Structure formats: C-alpha cells, structure tokens
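Work through the exercises below with the structure open. Each task is followed by a solution in steps.

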Amino acid sequence: MSSPRTPAPARLGSLLALALALLALACRPILPAVEAPKPTRVKATPPPSLTLCWVESGRFGPATASALVIRHPAGDVLVDAGNSLNFLAEIEVYDPPERRRLRRLPGLLVPKTGLSDQLKAIDVDPAGIRWFIPTHAHVDHLGGYLDLPPIPVLLSAPERALIERGAEERLNEVVPAHAAAIVPHANTLDFASGPYETFPAHADLFGDGSVIVLPLPGHTPGSVGVLVTLPEGRRILHVGDAANDRKGIRKRWAKPKLLRWTDGDRPQAEETVAELHNLVEAAPKIELLPAHERSAYRKVFGAPSRACPRPIAGVDAPATSPAR
Ligand SMILES: [Zn+2]
C-alpha cells in the first residue's frame, strides 16, 4: 500500500534542513552595500628580491595563529605575532569567566615554540626586524611579541591609544602584560599616502607601493590590514580579524553570529567588511588572508615557510617614513 504523504522521518529531515538553512541565513546577514568609490590605482614597484613568508605559531583544526614576515631590502616587517608562550600566566589577571573565554578560543592556538626560535629556524634574525605591525591588539596577535627582543611597533593612532589605556587599566581587549611590553616601543602609523584603490587612506611603508597598510576599524578601534605586492605581481592582503573568512568578504556577510561579540564596534566592523568587499570587486586578483583561516594561508603559501630568503641589502632605501 502506498501513501501519498511524505513519511514522517523524511518530513522531519526536510524541516530540519530548512531550519538549518534559515539559521545559517540568520547567522550571517548580508550587509547593506556601501557605495563603492571610484578606485584609485597606486603603482607598485616591489624590489625583485622582496619575499613573504608564513610562520605558523599555533593551530587547531581549521584555525591558525600565524605571523607573516615581509623581507624588503630596506628592512624586515613582522605582521602579527600569534600567542605568547606564557599565555596562561598572562591571562591570570582576569576573572574566571574571562579566563575561561580566553582559554576556549585564542587559548587553543598557543605555540609550542617561542616566536624568536621559530623566526631563527627560517633564517630571520628577530633582533633585526625593523617593524612589528600587529593587525590589532588582541591576545592572539600581540602575545608572541613578548618572546621577541624589543623591536619598534607600528600602530594606527586609535590602536596605540587602546594599548596605552591597556597599560593603565585592565581591559579585556588588551592583555596588560602585552600593553606594558608594547607601549615603550610604539610608533604611530601615518595614513597620509592618500586614497588606495577603493580605500580613502593608506600608509605606503617603503614608498614603493610594495607594502601598504590599510585602516580596517571595527573589530578593534584601530585594526589594520597589510597588503603586500610581490615582485611577480601577486597581491596578498592580510585582513587580520576584520573578517572571519574569505567567503564573508566576497559575499558581503557579517561575521557568524557566534563570533560577532568579538567585534568592539559592530556597525563599524560591518562597514569595514563592506569596504573590503568593494576592494576585491575593484581588484579581484587580490588574495585575501583572514588571520585565522588556515586554508587561506594554504592557498597562498602551500605550507608554512621552511626558509625565508634574505633580500639583497642596500637597494631601494625607503623614500618616506610611515611613522610619526
Ligand atoms: Zn584573532
């Protein structure tokens, strides 16, 4: 005997699928379009020996905590530093719920080897790094700085102010030990190089367009992204935690609901995602690197770098200073 009605388990299954689809939509709303300004192209003439390397300091499933090393003849630049080796000791200052939260998320990405040793293993002298540029002040981006010799730090003005406040009072956004280590070496990035593609402002680190810092506020007040143009023309944009994954930027989705609380200023963070969307619409060849999306690093680098060749010294000295 046949029944025209769908059997109950199948109905349940499709209802469940529908509920999940609706939930996914509710979790990742499509952001309203931000009017895209006409792109301003900035020419890049990267030195032929410029290299970009991936240092993975922590990994958990599809998530990574990583650093980038940009080797330019005028100096090495470190972008992000992952967690500190002393993560657990450094978060002791917080009350138990905050400690639990930190252990459950960034705490899964604590390194086994200090960043200094990881850099030395790929032929980068940590003491010789010209600038450290954290994409933002959170624990899993600043912590590794404590494993390095003191090197100059470049920060946007709002992020510098946040870190300075974090050295004075206990803030959840900045671990006090990290703030105390950074403050004496902080310099303010000057976004005085005018519009860049669809962005209203940028800092051109070496004056040759090879390393561009873009303001990406919202996740923290002064988050930044770093866009590197390699000699062969590839353009790689590290967006920090401005977006969770590449898809979020391409589809103009906000962060998944579960992670939205990590944004200090949600409307601002959503505007930044929309601006990043406009940028990749205008320059679709830009390869995106959200800080924790391991598969994005795999796509750009294949695997963590096993060596990071030193560029030829003495050529292409920077014409401008990005700091004031
Ligand atoms: Zn992060």
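**Exercise 1: a sheet**

Four bridges join β10 and β11 in the parallel sense. The model is a predicted one, in which local features need pLDDT of at least 70, side-chain atom pairs count only at pLDDT 80 or more, and totals for chains, interfaces and linings use all residues. Residues are numbered from 1 along each chain as its sequence is written. Helices (H or I, at least four residues) and strands (E, at least two) are DSSP runs, numbered from the N terminus; two strands pair if DSSP finds at least two bridges between them.

Task: Find the order of the strands in the open sheet of five strands, and its edge strands.

Solution. 
1. In the parallel pair of β10 and β11, Ile236 has Glu287 of β11 as its bridge partner.
2. β9 and β10 are antiparallel, with four bridges, and Thr229 is partnered by Arg235 in β10. Five residues lie between the strands of this hairpin, and Gly233 in it has a positive phi near 100°.
3. Strands β8 (residues 211-215) and β9 (residues 224-229) run antiparallel and share five bridges. Here Pro215 is opposite Val224 of β9.
4. The order is β7-β8-β9-β10-β11, and the pairing is mixed. The edge strands, each pairing on one side only, are β7 (203-204) and β11 (287-290).

**Exercise 2: a helix and its buried face**

Solution. 
1. A residue is buried if 20 or more other C-beta atoms, placed from the backbone, lie within 10 Å of its own.

**Exercise 3: positive phi**

Task: Where does Asp80 lie, and is Asp80 buried or exposed?

Solution. 
1. Asp80 is a residue other than glycine with a positive phi, near 65°.
2. The loop between β3 (75-79) and α2 (87-90) holds Asp80.
3. Asp80 is buried, with 27 other C-beta atoms within 10 Å.

Notes. Buried ≥ 20, exposed ≤ 12 C-beta atoms within 10 Å, placed from the backbone.
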